[in-house]
Amino acid sequence: MTSITASSGNLASQGVTMSIHTDPGLLALELDGTLTVPGDPGWDRARQAWNLAVDQQPAAVATVASVRDVQTVLTVSRRVGLRVAAQSTGHNASPMGDLADTILLSLSEMRDVLVDPSTRIARVEGGAQWSDVTSAAAQYGLAALAGSSGDVGVAGYTLGGGVSWLARSHGLALNHVRAFEVVTADGSVRRVDAQSEPDLFWALRGGGGSFAVVTAIEFALFPIGEVYAGALFFPLERARQVLNAWARWTDNAPAEVTSIGRLIRFPAIPELPPQLSGKSYAVVEAVTTLDPADADALLAPLRALGPSDDTFTITPVERLDQLNMDPPAPTPIYGDGWLQTELSVEAVEAIVQAAGPGVDTPLLTVDLRHLGAAVAPGRGGGAVDGLPGAFLGFAVGVTPEPAPPMRAAVTRLMDSLAPWREERSYLNFAEQPSDGSSFFDPATWARLRAIKAAVDPDDLIRSNHPVPSG
């Protein structure tokens, strides 16, 4: 057990009127976890976001180990005039903004996962990553609606929506939450579900992290042990042909298949296989619960294009976090996402002109995820009840800082797609600061603000895409 007073440093130098060392009430407080302040050993590691291009500079970092710790941090923060931002992995940290008046509450040590195979329910602590869940569930032949990267935090992903490889057949992850365990701004521990706290339960399913600190989530698992999954690789020079063929293929794709069309430029690094390192491709990735014979028949028109590599095979669901080839560790990136109404020939041309063959671009990848089916609006009962549009786009490059060329490349692509972009955005893929109302219709936004005012009237808890109180 580490005393808060064991850390060195002073918050007054950051403009805070009362430091954690000068408040007598704090001197007696203890954490099961640790508190780190500027100047302490390990400060840079404690404050690090997953996106290494984001330089988080909070007033302090409280790495909590228990629900009691979360209560303590909220109580202390209110007393000294600081706000609190909960974080597990630090994905999507760029929109958080200036943290000088904020204690970063890291849940990274709270990663326990309990799976009940009889009810097919998982209880997952607030700092768990998807790899923790998928491996635990797989022992019982069960699947979670996990993100495409194993190191993504379960809580943040679920609070924003959650688009998995099973999304078109099973919907957003938030649709299958049974309960949240949270600590609200007043320090109260609450179990939030449809019966006990219906308004807060509604808000937490898609409204983001502004309402409470989530210490655990209970959600449904599914009896799926294996899927048919893989990717078709084509030289980038064929991007126009491949994207157009894939777009038309998605027109009749059944709900049992979720796919991604992408343009990807692999860096020349020794960690990559020789066939990928320094090479550029147009790629179609897909996951389906169909029988392999039916899946092969479905994929036939795409295979007829003659891919240079075809990786489709029966795949354990816990290995799906390898399919999209996302970076396996914290990485400096700059990117942004959007929702797209359609992928017409004209829209494909806009993508190719902005990021296709022959274009000098720093973008690592441009992804388009096929939506619809169970992801369509009206399929859930939370603040986000589905995603509008036919595709979810994301463009990203690797950069030590958001340099002008990278910003320009992302902006150029998104501007070129303006005629086909939805008015709404998807919270989890919005990597740049934006008005929180851009993710919701006016009625939903008004209800979210009313709930925020009820549970956190002083706006103590902040998130990367905030819902303001009042």
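**Note on the predicted model**

1. Glu 401 is exposed, since its relative accessibility is 52% and the cut-off for that class is over 50%. Glu 401 sits in the loop that runs between strand E19 (391-398) and helix H11 (404-416). Its C-alpha atom is 28 Å from that of Ala 128, a residue 273 positions away along the chain. The model is a predicted one, and the points below should be read with that in mind.

2. The largest nonpolar core has 79 residues. Within this core, the residues that touch the most other members are Trp 130, Phe 180, Phe 211, Phe 219, Leu 387 and Leu 448. Helix H7 (residues 198-204) supplies the largest share of the core, with 5 residues. As background, nonpolar side chains in soluble globular proteins tend to be buried together.

3. Which residues does Phe 180 touch, beyond those up to four places away in sequence? The list includes the nonpolar residues Leu 159, Val 192, Phe 201, Leu 204, Val 214, Ala 216 and Ile 217. Three arginines, Arg 190, Arg 191 and Arg 205, are also on the list.

4. One of those arginines takes part in a salt bridge: Arg 191 pairs with Asp 193, and their closest N and O atoms are 3.9 Å apart. The cut-off for a salt bridge is 4 Å. Arg 191 is partly exposed at 41% relative accessibility, whereas Asp 193 is buried at 12%.

5. The model contains 20 salt bridges. In one of them the side chains of Asp 458 and Arg 78 meet, with an N to O distance of 2.9 Å. Asp 458 belongs to the loop between helix H12 (442-455) and strand E20 (461-462), and Arg 78 to helix H3 (residues 67-80), so this bridge ties together parts of the chain that lie 380 residues apart in sequence. Asp 458 is exposed, with a relative accessible area of 56%; Arg 78, at 38%, is partly exposed.

6. Arg 83 is in strand E5 (residues 83-87), and the pair links distant parts of the chain, 376 residues apart. Both partners are partly exposed: Arg 83 has a relative accessibility of 23% and Asp 459 one of 22%. The pair also belongs to a network of salt bridges that links Arg 83, Lys 452, Asp 456 and Asp 459.

7. The backbone at Asp 459 deserves a look as well. Its phi is positive, about 60 degrees, although the residue is not a glycine. Ala 373 is another residue other than glycine with a positive phi, in this case near 55 degrees. Ala 373 is located in the loop between E18 and E19 and is partly exposed, at 25% relative accessibility.

8. How do helix H8 (residues 239-250) and helix H10 (residues 345-355) pack? The angle is about 145 degrees and the axes are 10 Å apart. H8 passes H10 in a right-handed crossing. On the H8 side the contact is made by Ala 239, Arg 240, Leu 243, Asn 244 and Arg 248. These meet Val 345, Val 348, Glu 349, Ile 351, Val 352 and Gln 353 of H10. Sorted by class, the residues of this contact are 6 nonpolar, 2 polar and 3 charged.

9. Is Arg 369 buried or exposed? Arg 369 is buried, because its relative accessible area is 11% and the limit for burial is under 20%. Arg 369 is part of strand E18 (residues 365-370). Leaving out neighbours within four places in sequence, Arg 369 is in contact with Ser 148, Val 163, Ser 259, Ile 260, Asn 324, Ala 390, Phe 391, Leu 392 and Phe 429. For Leu 392, which is 23 residues away along the chain, the C-alpha to C-alpha separation from Arg 369 is 4.9 Å.

Note on methods. Residues are numbered from 1 along each chain as its sequence is written. This is a predicted model: local features need pLDDT of at least 70, side-chain atom pairs count only at pLDDT 80 or more; totals for chains, interfaces and linings use all residues. Side-chain values use heavy atoms; hydrogens and water are left out. Helices (H or I, at least four residues) and strands (E, at least two) are DSSP runs, numbered from the N terminus. Buried means under 20% relative accessible area, exposed over 50%, partly exposed in between (1.4 Å probe, protein chains only). A nonpolar core is a set of buried Ala, Val, Leu, Ile, Met, Phe, Trp, Tyr and Cys residues joined through side-chain atoms within 4.5 Å. Contact means heavy atoms within 4.5 Å. Axes are lines fitted to C-alpha atoms, for helices over the stretch in contact, and angles run from 0 to 180 degrees between N-to-C directions. A crossing is left-handed if the near helix is turned anticlockwise from the far one by less than a right angle, and right-handed if clockwise.
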